[in-house]
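Student: Can you walk me through this one? I'd like to start with a single residue and then go to the whole chain.

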Amino acid sequence: MSHCDPIADMLTRIRNAIRIEQASVIVRSTKVCQGIAHVLKDQGYIEGFDVIETACKQADLRIKLKYGILGEKVITEIKRVSKPSCRVYFSTSDLPKVMGGLGIGIVSTNKGVMSDIECRKLNVGGELLCTVC
């Protein structure tokens with residue numbers, strides 16, 4: 001488990017679980033990871049998530065992955081954009097449209113973690129954490 005970048009660890013676990021068509025995946029719970037999971041749920045990329053309390057202080061997130069009726073993958077690509085070594089910030093007008101608007105960007109703002117669509121509505125910029133399509 002990555003202790004330096006929990007977001008990259010979360011995205012990698014989701015990517016790997018989707019590749020082997022698992023029903024759910026367990027990741028380390030942080031406020032940002034919960035925010036990302038909340039945005040993925042709101043945008044329809046996952047079925048849901050719940051927090052699992054563990055014996056140690058650190059809780060886990062169980063993310064229930066979503067697949068189509070015929071078993072097709074809802075998340076085809078999930079990529080980390082801003083990294084701890086190279087932060088990437090965008091103003092509202094400069095936020096990129098993922099796949100011409102078919103995907104979403106997940107942005108960390110001063111109002112919390114939200115999708116790029118919500119950022120445009122609220123006229124808020126921030127750090128582009130990842131893109132999903």
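Tutor: Ser 93 sits in the loop that runs between β5 (89-90) and β6 (104-109). Strands are DSSP runs of E with at least two residues, helices are runs of H or I with at least four, and both are numbered from the N terminus. This is a predicted model, where local features need pLDDT of at least 70, side-chain atom pairs count only at pLDDT 80 or more, and totals for chains, interfaces and linings use all residues. Residues are numbered from 1 along each chain as its sequence is written, and side-chain values use heavy atoms, with hydrogens and water left out.

Student: Is Ser 93 buried or exposed?

Tutor: Ser 93 is exposed, as its relative accessible area is 66%. Exposed means over 50%, buried under 20%, and partly exposed in between, with a 1.4 Å probe and protein chains only.

Student: And how far apart are the C-alpha atoms of Ser 93 and Ile 63?

Tutor: They are separated by 32 Å, and the two residues are 30 apart along the chain.

Student: New topic. What order do the elements run in?

Tutor: From the N terminus, the order is α-β-α-β-β-β-β-β-β-α-β. That comes to three helices and eight strands.

Student: What share of the residues is buried?

Tutor: Buried residues make up 39% of the 133.

Student: What about contacts in the protein with a separation of 6 or more?

Tutor: Of those, 62% are between residues 24 or more positions apart; contact means heavy atoms within 4.5 Å.
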